[in-house]
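Subject: Structure for your study

Dear colleague,

Please find below the sequence and the structure that I am handing over to you. My notes on what was found follow directly after them.

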Amino acid sequence: MTKDQLPTRRRALLLGAGALGAAGTCGLLGLGTGGGQAPAPAAGPPARRPLKPSAHRLQPLAGYGPPAAAPTRTLVRRAPLLRMSGAGRTIVLTFDDGPDPRYTPDVLRTLRAYDVRAMFFVCGEMAAARKDLIAEMADDGHVVGNHTWSHPLLIRLGRGRIRSEMERTSDVVEDACGERPRWFRAPYGAWNRAAFQLGAELGMEPLAWTVDTLDWTEPGARTIAERVENGAAPGVVVLSHDAGGDRSQSVRALRDYLPRLLDDGYRVTVPRRHRP
């Protein structure tokens, strides 16, 4: 059974868990401190050639500068990061649940056409089958994040299973592109203490989102595009999907809203963290 075929009652349970796990989050991407309180995100679905960076569209986020003199451990957070701070008119696009050979290549082509970078939170079982797409993401300058192996509800799992879900996915990503993920996103937006602790132990920062397109409900490409454009503001993180169901609407929406965001003066960028 796919994530989009879950019974209505179970889907409602997952949505509720996602909202509960994400509630109260107020972290900021970049330095991770300061700024006002951000709204809690809604839950998501169950859901090759290097490019030259664009000077005005691709800029590192504040707080991740040159390597420090000595390695530092990843901070164990109590809430996921939601948005950027002190980065001007920037926006981060993120795509979950992939890679899917039916939709991910189209997403990559569109991003490449506009010379922008995004974040892909991949599921290990999907990534293991298409390591070529993971390598393409990395080659194009995108950030590859960890979205667990099988997209389970983490708040129902023990620490051993959570670690396995994270580690197996990080292993696949490293094998595909040579680097382990530095960012983690909990399925359904349902976080718990173990997820934060284990993610930090594996060198990953937790990232949620500010704007949920709800594209997994297949509301139509126009509606998805309108949600992104209406929610666009300095520092927001947008949640979309390139897998987990029929994502053709998400692909078409990206082609519509991306050039409009750029024309409106937004810089579509990604967070950069140096490796100790």
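Arg161 is partly exposed, at a relative accessible area of 40%, whereas Glu165 is buried, at 4%. In these notes, buried stands for a relative accessible area under 20%, exposed for over 50%, and partly exposed for values in between, with a 1.4 Å probe and protein chains only. Please note that this is a predicted model, in which local features need pLDDT of at least 70 and side-chain atom pairs count only at pLDDT 80 or more, while totals for chains, interfaces and linings use all residues. Residues are numbered from 1 along each chain as its sequence is written, and side-chain values use heavy atoms, with hydrogens and water left out.

Salt bridges

Arg161 and Glu165 form a salt bridge, with their closest N and O atoms 3.1 Å apart. The term denotes a side-chain nitrogen of Lys or Arg within 4 Å of a carboxyl oxygen of Asp or Glu. Side chains of opposite charge can pair when their charged atoms come close. Because Arg161 and Glu165 are four residues apart in helix α5 (residues 159-177), about one helical turn separates them. Helices (H or I, at least four residues) and strands (E, at least two) are DSSP runs, numbered from the N terminus.

The structure holds 17 salt bridges. Another of them joins Asp96 to Arg185, where the closest N and O atoms are 2.8 Å apart. This pair links distant parts of the chain, 89 residues apart: Asp96 belongs to strand β3 (residues 90-96), and Arg185 to the loop between β6 (183-184) and α6 (193-201). Asp96 is buried at 3% relative accessibility, and Arg185 is buried at 0%. Glu174 and Arg180 also form a salt bridge, with a closest N and O separation of 2.8 Å. Here Glu174 is partly exposed at 33%, and Arg180 is partly exposed at 27%.

Backbone geometry

Most residues other than glycine have a negative phi, and most peptide bonds are trans. Which residues are joined by a cis peptide bond? They are Gly98 and Pro99, with omega about 0°. Pro99 is found in the loop between β3 and α2 (104-113). Asp97, in the loop between β3 and α2, has a positive phi near 80°, and is buried with a relative accessible area of 1%. Thr148 has a positive phi of about 75° although it is not a glycine. The loop between β5 (143-146) and α5 holds Thr148, which is buried at 1% relative accessibility.

The nonpolar cores

In soluble globular proteins, nonpolar side chains tend to be buried together. A nonpolar core is a set of buried Ala, Val, Leu, Ile, Met, Phe, Trp, Tyr and Cys residues joined through side-chain atoms within 4.5 Å. The largest such core has 37 residues, and those with the most contacts inside it are Leu93, Phe95, Leu111, Phe120, Tyr257 and Leu258. Which helix gives the most to this core? Helix α8 does, with seven residues. Leaving aside neighbours within four places in sequence, the contacts of Leu111 (heavy atoms within 4.5 Å) include Phe95, Phe120 and Leu258. A second, separate core of 26 residues includes Phe121, Leu154, Met166 and Phe184.

Strand β9

Six of the six residues of β9 are buried, so this strand is largely enclosed by the rest of the structure. In a regular strand the side chains alternate between the two faces of the sheet. In β9, Val236, Val238 and Ser240 point one way, and Val237, Leu239 and His241 the other way. Strands pair if DSSP finds at least two bridges between them. β9 pairs with β3 in the parallel sense over six bridges, and Val92 stands opposite Val237. β9 also pairs with strand β8 (residues 211-212) in the parallel sense, over two bridges, with Val238 as the bridge partner of Val211.

Yours sincerely
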